[in-house]
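Please look at the sequence and the structure below, and keep in mind while reading that this is a predicted model. The paragraphs that follow go through a sheet, its helices and some aromatic side chains.

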Amino acid sequence: MRNVPKAFDDKFKSPQEGFDLLISQLGEFSEDELNAVKKAYEFASEAHKNQTRLSGEPYIMHPLAVSVIIASLGMDCASVIAAMLHDTVEDTGVTVEDIRTEFGETAAELVDGLTKIKNVPTKTEDAAEDAVWLDPTRVKQQQQAENIRKMLLAMNKDIRVIIVKLADRLHNMRTLMFKPEQRRREIALETIEIYAPIAHRLGIRPIKDELEDLSISYLDPVAYKEICDSLEKQSRSRREFLDDIQERIAVRAREIVPNAQVSGRIKSAHGIYRKMYMQNKNFDQIYDIYAVRIIVDTVIDCYNCLGIIHDMFTPIPGRFKDYISNPKANMYQSLHTTVLGREGIPFEVQIRTWEMHRTAEYGIAAHWKYKLGINGGNSDLDERRLSWVRQLLENQKDSEDVEDIVNTIKTDLVTEEVYVFTPKGEVFSMPMGSTVIDFAYAIHSEVGNKMVGAKVDGKIVPIDYKVNTGEIVEIITSSQQGKGPSRDWLNIVKTSQARSKIKQWYKREKREENIETGKAETEREFRRNFIRLTDEEFTPFLEKIAVRQHCKTVDDFYAAIGYGGISLTKLMPRIKEDYLKLTKLNEPPVIKPPVKKKTKSKEGVIVEGIDNCLIKFSRCCNPLPGDEIIGFITRGHGVSIHTRKCTNVPEDISEAAEPERWIKAYWDKNVKEEFKCTLQLTCLNRIGLLADISGMLANMHLNINEISTRPTKDGRVSIFLTVSLNGIEHLNTTVKKLEAIQGVLAIERTGI
Ligand code: MN
């Protein structure tokens, strides 16, 4: 792990050492503030007194570490206190009220926000009662999505909440090795997909880099080690190379820009990983593993230094990027160029002002670090940096599908950007892979809605054309009324902004059509899933579902399906489950075996992935405990259980007409019930045969449910006997005893 570039020098071995380190970083805090931090430390130590982390360390080490990270970001007193107390409400008896009394309103609000983010229910609201058809991975996804939504809401209220949350995640990632393997991977994945992009968007580079590197080290340890080894191997020679170049640049630059500061840096392991595995380059092909950074006072000096660099070294064409005139979406600004050094070794040069540097390193946190205050300094910059939070929340409002937000973070936030121009020379930054439609909607929703085509650099392009940096894109619109976007566009567009605006248009303009489309889709899906309801049942059934989707009427529900706000296929499992419940209520119970005692698994059968569902034993084969069994999801009568060998069960399930309806089932180990079993006895008829048989069964305390006899053509007699048995062994002993009766020639269990 030694190659993870740790942003903060914050190792400590005991709480006292940690606290001293924390205080040493709070040089600019007033006496009162320091006292408050001390009080928070004592308060948290007391609250977590008897808790330890998985590492075995006292729990307080964690909030301390988080506070240290927050302090080194230069955050304010309330943030440091919130970091110290962030786990108290969740894990101990402390309440938000206690914190408000002891530490004031701001700290209490921050801790409250942090606690809310964490409080994801382990199951979706009412899932506890009816988790029957819910797939656990989907439940997990929904929880994650819900959690992210909460995070965005909290961020929108006070951005400090998310900064503390990022620090919390950072320390948890540093100590992830104490978790079991599976959890480690899950957490690492969530970190790289969600938390690192958020850190990136907020511009807090050290946290983003470390989160990414730590994630990769857990998700792909082999590749990670390879990169670290390569870096290690090359480090000395490259370091010398870099030192030499740095020196030469510094000398030349200072002739014109006297206080230019020149330094070198090594790309993060994750950055190298991305280039190696996503752009398929080998280690030596990555130009910017080593970079020289020049920091100057003014923008003019930046361009002056660029001139010097291009004069000293040969620039590689196509590698110059001017992020000063076109800042990245997270407001990152710098000039980037890659040049060839001695022996043809390429390296990257980044040139920026101190102010840009501040933004590049601390992002939104720079406000506190540099005492700009949330309303002071460049609040316009902050506004723009946070606008994506609002945008996300705004887009999400139109979508009833909470998972959209996860996808948005995964696409909008992670991808690189391209810069495209309008014919008037206005520049727009778009996620890579954006189409001309995305561009049209980025200009204005009306431009998107009226778009009929596009020209790129003067030439007509197809509507799914993906724009590239530097292209001039002209959107062709039509003023014809009511044409509007095509539904197919939803599958073409890349940005959530365009997607939600298209949906909005459909929602607004095409209500009648949407209702019709939605209704037709509902009917189709119901048919496909064998949901059959009478007319009286249908409306209340659908009303219930509509209310659950926050629709006021069934028509609203149809409309939402129609414009794509609700995905019916995603709702189907839950609807099927409702349907099962309904039919269970309305229909008389289907031929149930005599239930003697109730056990946990009703009927003594466990159906894979389903609890508490209606189970019936098929009449064709009357399964007995001990038989290999299989379940079949019937149309509205729960699951019917067959023996695996039953003639009604296809030999190869994958060849069955509806393979998805066959599900695995097992006997509960403690099955206590008795089951009916029908035996066919072929006998030589004699006086007293039936009496012998019934006498023997009485001796065995077996209950005869049914008995009938039928003469056969060859002068023998078939006796059909239905008895209650508790399993295969019971059956075997019974059969043996029956076979011993004089005249009984053969015994067969019917139905299998
Ligand atoms: Mn924590």
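Strand 17, which covers residues 675-683, is joined to strand 20 by five bridges, and the two run antiparallel; at one of these places, Thr682 has Ala746 of strand 20 as its bridge partner. In general, the strands of a sheet pair through backbone hydrogen bonds, in either a parallel or an antiparallel way. Here four strands make up an open sheet in the order 18-19-17-20, with antiparallel pairing, and its edges are strand 18 (704-711) and strand 20 (744-749), each of which pairs on one side only. From one strand to the next, the twist averages 20°.

Two helices accompany this sheet. Helix 27 (residues 689-699) lies across strands 17, 18, 19 and 20, running at about 15° to strand 19, whereas helix 28 (residues 728-739) packs on the sheet by touching strands 17, 19 and 20, with a direction that makes about 160° with that of strand 20.

Elsewhere in the chain, Phe526, Phe538, Phe541 and Tyr579 form one aromatic cluster. The rings of Phe526 and Phe538 have centres 6.0 Å apart and planes at 65°, and because an angle over 60 degrees counts as edge-to-face, this pair is classed that way. Since Phe526 belongs to helix 23 and Phe538 to helix 24, the pair ties together parts that are 12 residues apart in sequence. Phe526, at 4% relative accessibility, counts as buried, while Phe538, at 23%, counts as partly exposed.

Phe541 and Tyr579 also form an edge-to-face pair, with 6.4 Å between centres and 80° between planes. Phe541 lies in helix 24 and Tyr579 in helix 26, so this pair ties together parts 38 residues apart in sequence.

Notes: Residues numbered from 1 in each chain as written. Predicted model: local features only at pLDDT ≥ 70, side-chain atom pairs only at ≥ 80, totals over all residues. Heavy atoms only, no water. Pairing = 2+ DSSP bridges. Axes fitted to C-alpha atoms, helices over the stretch in contact; angles between N-to-C directions. Contact = heavy atoms within 4.5 Å. Phe/Tyr/Trp six-rings, centres within 6.5 Å; stacked < 30°, edge-to-face > 60°. Buried < 20%, exposed > 50% of the residue type's maximum accessible area, 1.4 Å probe, protein only.
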